[in-house]
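Hi everyone, thanks for coming. I'd like to walk you through one model this morning, so please have a look at the screen.

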Amino acid sequence: MTASISWVFSPGQLQTVALRTQPTLLACMSISVSVTIEPSVQSFSAIGEKKSFTVTVYGLIISQQTIKSGAIMWNDGIHELAGVDVQAIEIAPLLLETYYCSQTLFVSFVLNCHCDEKKVHVIYMGEWPQGDVTLRSVHHSMLENVLGRTSLAKESLIYSYGKSFNGFAAKLSDEEVERFSEMEGVVSVLPNRMLQLQTTRSWDFLGFTKTNYGGCTEGDVIVALIDTGIWPEAESFSDEGFGPPPVKWKGTCQGPNFTCNNKLIGARYYNAENIYENDYGITEFKSPRDRIGHGTHTASTAAGREVAGASYFGLAEGVARGGVPNARISIYKVCWWGLGCALADILAAFDDAIADGVDIISVSLGSNDILQYFEDPIAIGSFHAMKYGILTSSAAGNSGPSPYTVINYAPWTLTVAASTIDRKFVAQVVLGNGQVYTGLSVNNFELNGTSFPLIWGGDAANVSAGANSDMSRNCELGSLISYKVEGKIVLCDRIGDGSSILMANGLGAIMVDSFITDSDSSYSFPLPATQISREDGLEILDYIRSTKNPIATILVGETWKDIMAPTVVSFSSRGPNPITPDILKPDITAPGVDILAAWSPVAAPSIYWKDTRSVKYNVDSGTSMACPHASGAAAFIKAAHPNWSPSAIKSALMTTAFVMDWRRHEDLEFAYGSGQIRPAQAVDPGLVYDASEVDYINLLCKMGYNTSALRLVTGDKSACNNIEPGRAWDFNYPSFSLGCGGWPADHGSLH
């Protein structure tokens, strides 16, 4: 590629200028590209003189489809002049203006990659084919046909799913994705979207006491958790008294500096993007070890051992245990600090977990997007798990109380909402005038009743940093001025993580919950803090305004009995089911508020990610916490009835559920499904609504899935013969909802 430049002189200017090259590197489609410009030195001696130069681009693959445009950049050490954009690799002549009068100019060539960057996608191909087939070689051959070279196919392939279903993950360009989408035998091509986590006393509250569990067959049950990993040294996962794993177990323990035992019998990790350090400077463990704490919490909730004296800095002290303390645990790490949970990794975890021989799969994560069933990794994985007799329990989501927000709504999964237990954490505020206000907080900080100066955040704006009162009243990060806040308790008009007050050397925080009238869940903070109602916040502000030297103290947290429990928490996502409105979702509710369970000691113990304190047990809330309660209950039923199908176990939990008080729930069954789980009763339900793979296939036929697609998914000769598209009213399900007036429309449920 050749071009020329001209030098234009004014009287008295230098007649000779040197032109030197500065090669650049471009990472386009993960390909390292080098650019050089020759000759490296050019001299000009006359006005209007032209000199030619050649731009050469080196790389593994360089084509007009790879690089769409470039630009020549001139730099004299002080100024920079961008040349004319070079479209489609055509180098155009450039006229250098005279106001750059340096003797030496440096030139570089900048390339822009527009649309062909390779990104991870999943090619989902349905059921594992019958016969002696090596799927990895099939997947490699498909990639080679599309990419054109064996070496490129090898570099592109990330995962080959071939243990429990058929598919693979690979780095593909948009054009390559389109070609795979048109291939025969491909059910769907899925971008590697990131899914989110849906982040003691609880089992006793369910009436599931120590006398209910511990049967001789409990040790044969394996609970899999697809999550953030696990802290294997936690006391909740001790294998004291355990024998070897069940004979059916085919899994493994993977990763450096990580040891399994006869309780925690398996652990794997997955990272399709191969990114272990995030934008926050946090480096993750290249192993199943838990950096976040979430997976350790859910694993111990579902199947943790009994641990006496567990507490959060002395709060809620008691015996921590899971639903099936004698069951085995296998962990599959797919979620990474600051990065999320990749679709390709989730499918790889399902593929392994099914083949490893687990009995229950617990998934406390999901996508907030509305996805068709075979575009959703959890729906895909749980469908194939169902075919192998494995029930998947999943979180309903944390986007409530808005309707149509429920996630993980596939009919073959158990979708779990979150509800309260009869214990709540409170932290009271005492003003200098003697007024006491009760707020919610897991507050372990002891101020010993000492009062400190009290200030409203709106009066402490850091104006020099560009903040104003509207920012500082909400205690936004960097908005508070330290000389006004230092050593004081700050009233904030919004809930935050407390970091802004710490940065300004504040002592504590009173946070107003402006968005939810009746606060129903607590947070832990990195400083003395509590969250109060909007009405109480206005009274405290009036006290500050009317008092010359306002003072206050925040009392250490207490646990109070909640006589209104159980109620579905406000953040728990609501139905109706956005894909199949005649299938009621969520299915059931379980404790998901203020749950004490094991924690990773390297994870922050509060909602502030820079909190450096360390705990072995933490209090957390979310449908992420409700899901493992249902998973543990399902494992308990599986131990008692090892031959029951996933649908039978699900039915038992739903038909024996505690009937919730509909007068406290505006959304009725769209909030709580069949009600709150009762594991002790579910083991003997009297009757079950069973459903087989054939029933689910017939349901999909009614939804409009065609025979060819379903045969790929099932791997057999399933057909939609004589099945007309229609409603799901004859599907054998323990509950149903009634769509009125078409879709989308208002929906109601029968109760």
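This is a predicted model: local features need pLDDT of at least 70, side-chain atom pairs count only at pLDDT 80 or more; totals for chains, interfaces and linings use all residues.

Strand 11 and strand 12, the latter covering residues 165-172, run antiparallel and are joined by four bridges. They belong to an open sheet of four strands, ordered 11-12-10-13, with antiparallel pairing. Which strands stand at the edges? Those are strand 11, residues 157-161, and strand 13, residues 188-191. Each of these two has a single partner strand, so one side of each is left without a neighbour in the sheet. From one strand to the next, the twist averages 20°. There is also a helix packed on this sheet: helix 3, residues 174-181, which touches strand 10 (119-127), strand 12 and strand 13. The direction of helix 3 makes about 155° with that of strand 12.

S572 sits in the loop between strand 33 (558-561) and strand 34 (588-591). Is S572 buried or exposed? Its relative accessibility is 0%, and the cut-off for buried is under 20%, so S572 counts as buried. What does the side chain of S572 reach? The answer is the backbone nitrogen of A418, at 3.1 Å. Setting aside neighbours within four places in sequence, S572 is in contact with G397, G400, A417, A418 and T623.

One of those contacts, G400, takes us to the next topic, cis peptide bonds. G400 and P401 are joined by a cis peptide bond, with omega of about 5°. P401 lies in the loop between strand 24 (391-395) and strand 25 (414-419). There is also a cis bond from G575 to P576, where omega is near 10°. P576 is placed in the loop between strand 33 and strand 34, and that loop is where we found S572.

N408, in the loop between strand 24 and strand 25, has a positive phi of about 55° although it is not a glycine. N408 has 3% relative accessibility and therefore counts as buried. N505 has a positive phi too, near 65°. N505 lies in the loop between helix 10 (499-503) and strand 30 (508-513). With a relative accessible area of 42%, N505 is partly exposed.

Let me finish with a pair of helices. At what angle do helix 12 and helix 13 pack? Helix 12, residues 623-640, and helix 13, residues 646-655, pack at about 115°, and their axes are 10 Å apart. The crossing of the two is right-handed. On the helix 12 side we have A630, A633, A634, I637 and K638, and these meet I649, A652 and L653 in helix 13. Sorted by type, the residues of this contact are seven nonpolar, no polar and one charged.

Key
Residues are numbered from 1 along each chain as its sequence is written. Side-chain values use heavy atoms; hydrogens and water are left out. Axes are lines fitted to C-alpha atoms, for helices over the stretch in contact, and angles run from 0 to 180 degrees between N-to-C directions. A crossing is left-handed if the near helix is turned anticlockwise from the far one by less than a right angle, and right-handed if clockwise. Contact means heavy atoms within 4.5 Å. Ala, Val, Leu, Ile, Met, Phe, Trp, Tyr, Cys and Pro count as nonpolar, Asp, Glu, Lys and Arg as charged, and the others, Gly among them, as polar. Two strands pair if DSSP finds at least two bridges between them. Buried means under 20% relative accessible area, exposed over 50%, partly exposed in between (1.4 Å probe, protein chains only). A polar contact is a pair of N or O atoms within 3.5 Å; within protein, one must be able to donate a hydrogen and the other to accept it, and residues adjacent in sequence count only if both atoms are side-chain atoms.
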